[in-house]
Each structure stands twice: as structure tokens, then as C-alpha cells.
Amino acid sequence: MWLLAAVGSSVFAGLAAILAKCGIKKTDSDIATALRTIVVLAFSWLMVFIVGSQGSITQIPSKSLLFLVLSGAATGASWICYFKALSMGDVNKVVPIDKSRTVLSVLLAIILFGETESLWVKLIGTALIGVGTILMIEKKRGSVKSEGNVYILYAVGSAVFAALTSILGKVGITGVESNLGTAIRTGVVLVMAWVLVLVKKKTPKLRSLDKKELVFLFFSGISTGASWLCYYYAIQNGVVSIVVPIDKLSILLTVAFSYIFFKERLGKKALIGLVMMSAGTLGMALFS
């Protein structure tokens, strides 16, 4: 079941990236992050009440609660960087960098959780993903918004914080029902997102939101919520160093949709990078 959940997380994550890109063509990235998080939070708590785990919130150990909060903070930082990068660069350039979090996540899982089974497979897989990511990083052309390669810095920040999210989430979710853990983390993300909007004094922009983009942001939030629920069920019940690579296969879906809807084509070097990332990911998923 946790393998199926990891696959579900990958599919929903791929859809979320494309829907989010459609929702931030005119909408400020910080505003978009804050609005999407409301949807994710509502979706998360709906699932909590459906499975009936809301009554166990008072029984969460203080250690688990601390790590859930830290995981939520890391997620918030990752989202802020990710949507800033998406607003500046092509989807099929930003997402591969963001997915490089797999390398750090796997290495941390091996070091911190002792997940050394099939160690060489994991190390070779992470090496392929790392090299593939480098090959896929190209300067965005044909758009003033890209501001050169600045989007790369935000995408790297997204990857680093996301890797910390996985590790902190693994510790925090121990002994906690996965849907409830996801809902608590999302609450932290929501607070961070709206504090950023208030600090940057961007609330006036809420009056001029594009209704069509709001629809895309709404469904992006639903997809993200579904991806999170699947993901944290998977890492709670499965092996982090296997779940994370499977989840990152969403890059294939993202690249396919970015070509169909945004006409973002990959060059030969980037295509080779995509193949290497996919091979490394599949290798770890199948042979670990």
C-alpha cells in the first residue's frame, strides 16, 4: 500500500506543478502560495475528519509535535522559493532542480535512519539524479521575467528545504496518524505564507486577482493536498530512501505537460539529463 501511495503522490505532484504555473502568470507568487495553502489546509482537515483521527491530536508526543512544526516551517520555506522560481523560469527547468532534493533526502535517510539496504543501488541512483539535474539546468530564453539564472537560486533553495521537510516529517509522523500529521504541518505553512504576504505588504494585490488563475490555484491546492496525504502515508509506513525517489518521478508528468500546454521543449542535453534522472529514480525504486 505504501508503494501505491508513493506513486499517487508522484502523479498528484506532477499535476500540482502544472496547475500552479497556470495560476501565477499574473498573480504574485507569495499571494499564490498563501491562497493555495488555504485549500491544502481545508483538504487536509477534511481527510482528518473522514478517517476520524481528530480525537488523537491531544495524544501527540511533544517530540513528534515539535518535528511536525519544524517540517511545516521547512515546507513553507520550500514553497516560497519554489513558486518564486516558477514565476521566473520554465517549469521544465525549475522542477528538475527542485526534484534534486532526492539526492539530499536519500543521503540523509541513509545517515540518520540507517537505511543502508541496497546501498550501492541508492548511491548510484542518487549520482545519476545529481548529474541529470545539472544537465537539465539551462538559462531560460525568450523572457525578460527570467532575470537570467536567478530562478536557479530559488529552485535550489526549494530543493534544500524540501529535503529537510522529508527527514523532519519522517521523525514527526512517527506515532501520529498520517492525515493528522499532514494537517498540522499545513497549518504551520499557512501561517508562514500569510506572514510573508503581510510583511511584504502585498495584501492590496488581493483585490485584483485574476478569477481564472484562482481556479487553477484552487485545483493546484487540491492536487498538492492529495500528494501530501499519499506521501506522508508512504514515508510513515515505508522506506524513505525508496518513497522519495518514486515521488520524484512526477518530473516525467511535469515535463510532458509543460511541453503540451506551455510549449516548453527540452534540448538534447536536458533530455539526456531527464533520462538519467528517471533511470536513477527507477533503479532505486525497483532494486532497493
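The following legends describe close-up views of a predicted model.

Local features are reported where pLDDT is at least 70, side-chain atom pairs count only at pLDDT 80 or more, and totals for chains, interfaces and linings use all residues. Residues are numbered from 1 along each chain as its sequence is written, and side-chain values use heavy atoms, with hydrogens and water left out.

**View 1. Annotated regions along the chain.** The unreviewed UniProt entry carries the annotation "domain: EamA" for residues 2–136 and 151–284. UniProt positions are given in the numbering used here, feature names are shortened, and annotations may be inferred rather than shown by experiment. Over residues 2–136 the chain is 82% helix and 0% strand, with end C-alpha atoms 30 Å apart. Helices (H or I, at least four residues) and strands (E, at least two) are DSSP runs, numbered from the N terminus. The annotation "transmembrane region" in the unreviewed entry covers residues 30–52, 64–85, 119–137, 149–168, 180–199, 214–234, 240–262 and 269–287. One of these spans, residues 30–52, is 96% helix and 0% strand, and its end C-alpha atoms are separated by 33 Å. For residues 149–168 the composition is 95% helix and 0% strand, and the end C-alpha atoms lie 30 Å apart.

**View 2. Packing of helix α2 against helix α8.** Helix α2 (residues 29–51) and helix α8 (residues 178–199) pack at an angle of about 160°, and their axes are 8 Å apart. This angle makes α2 roughly antiparallel to α8. The crossing of the two helices, α2 and α8, is left-handed. By class, 18 nonpolar, seven polar and one charged residues make up the contact of α2 with α8. Axes are lines fitted to C-alpha atoms, for helices over the stretch in contact, and angles run from 0 to 180 degrees between N-to-C directions. Angles under 35 degrees count as roughly parallel, over 145 as roughly antiparallel, 65 to 115 as roughly perpendicular and the rest as oblique. A crossing is left-handed if the near helix is turned anticlockwise from the far one by less than a right angle, and right-handed if clockwise. Ala, Val, Leu, Ile, Met, Phe, Trp, Tyr, Cys and Pro count as nonpolar, Asp, Glu, Lys and Arg as charged, and the others, Gly among them, as polar.

**View 3. Packing of helix α8 against helix α9.** An angle of about 125° is found between α8 and α9, whose axes are 9 Å apart. The helices α8 and α9 are therefore oblique to each other. Their crossing, that of α8 and α9, is right-handed.

**View 4. A salt-bridge network of Asp28, Asp30, Lys200, Lys202 and Lys205.** These five residues, Asp28, Asp30, Lys200, Lys202 and Lys205, are linked in a network of salt bridges. A salt bridge is a side-chain nitrogen of Lys or Arg within 4 Å of a carboxyl oxygen of Asp or Glu. A search of the whole structure finds five salt bridges. Aspartate 28 pairs with lysine 202, the closest N and O atoms being 3.0 Å apart. This pair links distant parts of the chain, 174 residues apart: aspartate 28 is in the loop between α1 (2–22) and α2, and lysine 202 is in the loop between α8 and α9 (211–237). Aspartate 28 counts as buried at 17% relative accessibility, as does lysine 202 at 12%. Buried means under 20% relative accessible area, exposed over 50%, and partly exposed in between (1.4 Å probe, protein chains only). Aspartate 28 also meets lysine 205 in a salt bridge (3.5 Å, N to O). Lysine 205 lies in the loop between α8 and α9, so its pairing with aspartate 28 ties together parts that are 177 residues apart in sequence. Lysine 205 counts as partly exposed, at 40% relative accessibility.

View 5. In the salt bridge of aspartate 30 with lysine 200, the closest N and O atoms are 3.1 Å apart. Aspartate 30 in helix α2 and lysine 200 in the loop between α8 and α9 are 170 residues apart. Aspartate 30 is buried, with a relative accessible area of 4%, whereas lysine 200 is partly exposed at 44%. Lysine 201 lies in the loop between α8 and α9 and counts as exposed at 71% relative accessibility. Phi of lysine 201 is near 55°, a positive value in a residue other than glycine.
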